[in-house]
Amino acid sequence: MREFAYRRASDVAGAVALLGADPDTRFLGGGTNLVDLMKTGVERPTRLIDIRELPLDDIESTPGGGLRIGATVTNADLAAHPEVRRRYPALAQAVLAGASGQLRNMATVGGNLLQRTRCGYFTDVTKPCNKRVPGSGCPAIQGEHHNHAILGASDHCVAVHPSDMAVALTALDAVVHYETKAGPGELPIDGLYLPVGDTPHRETALPPGALITGVTLPPVPTAANSRYRKVRERASYAFAIGSVAAALDVRLGVVQDARLAFGAVAARPWRALAAERVLVGAPAGAETYAAAADAELSAARTLPHNAYKVALMRNLVVAVLTELAEEAAR
């Protein structure tokens, strides 16, 4: 691990000023991803700015009826909050599915959004990786890729985003707030993550030197009937091979509103807009749900060892939407 300096920030403006324009300085929240990457040599910061004591650890209702979640709220506190569990159950479920209790006690909301891919070629500095070293290549395309992207990938990168929480936030139309030296700003979470294209090393649309300060969830009535389902290769805590965050409103047998996002199939949480368009106004039922999944997955671009994800995601969408419809009918 490279030797580094350490500073503790006492306020948001001070934290942003400390970061400045130094590309080798990093904000430190829970450190559950950053410290691992420092140990392997993927991240080599010259200085860490500890932001855990900033006043960003509250969850509070917004005037419009949504929720504002501070960036340093731990995953454990987020999942346990009664209003999150009542109004946005998919978010609580996603956080609980994401990691062990020990990690949830340390990991923060802001850090979770910015965690890096777990692709083995990215985390192994002896291997080429366009995300680590632009232009060096993507060995996963010809190598180990059974858990890699089937949507939105490119010839430059087929890695997937590892966050469970971000998938639920994407389905719920969350807005990410940040602070820079020029002042505050915000991005819809679906605009936070950049398409892979030929620049996979550029992962987010955050301005240079930005500090995430919180996330706002809008008042979405459909969100109360939501669910997050994660498929993984073992029952213990592991990264997803496919996941779905869904919210559904069915009245008189017809889908009135639907929100869907997929995880572990793309370099970013994947909002399933094509599937939503099929669902809204259609009769509720397995045939409609399967048609919606097919509409979204028709754009899938598979590799020899990850084509199974198409069938997996189709079945997952049908199962989750069926459960939500049945739950709403009770």
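In which loop does aspartate 57 lie? Aspartate 57 is placed in the loop between β3 (47-50) and β4 (59-61), where helices (H or I, at least four residues) and strands (E, at least two) are DSSP runs numbered from the N terminus.

The model is a predicted one, in which local features need pLDDT of at least 70 and side-chain atom pairs count only at pLDDT 80 or more, while totals for chains, interfaces and linings use all residues. Residues are numbered from 1 along each chain as its sequence is written, and side-chain values use heavy atoms, with hydrogens and water left out.

**Surface patches**

Together with Asp58, Glu60 and Asp77, Asp57 forms a negative surface patch. Patches consist of residues with over 30% relative accessible area and no salt bridge, with like charges joined within 9 Å and nonpolar side chains (Val, Leu, Ile, Met, Phe, Trp, Tyr) joined within 5 Å; a salt bridge is a side-chain nitrogen of Lys or Arg within 4 Å of a carboxyl oxygen of Asp or Glu. A nonpolar surface patch of about 310 Å² is made by Met1, Phe4 and Tyr6, and accessible areas come from the Shrake-Rupley method with a 1.4 Å probe.

**Accessibility of selected residues**

The table uses these classes: buried is under 20% relative accessible area, exposed is over 50%, and partly exposed is in between (1.4 Å probe, protein chains only).

| Residue | Relative accessible area | Class |
|---|---|---|
| Methionine 1 | 58% | exposed |
| Methionine 38 | 3% | buried |
| Asparagine 147 | 18% | buried |
| Aspartate 173 | 32% | partly exposed |
| Alanine 264 | 7% | buried |

**Contacts and backbone**

Most residues other than glycine have a negative phi. Aspartate 173, in the loop between α9 and β6 (175-180), has a positive phi of about 60° although it is not a glycine. Alanine 264, in the loop between β11 (254-263) and β12 (270-271), likewise has a positive phi, of about 65°.

Terms used. Lys and Arg count as positive and Asp and Glu as negative; His and the chain ends are not counted. The place of a charge is taken as NZ of Lys, CZ of Arg, CG of Asp or CD of Glu.
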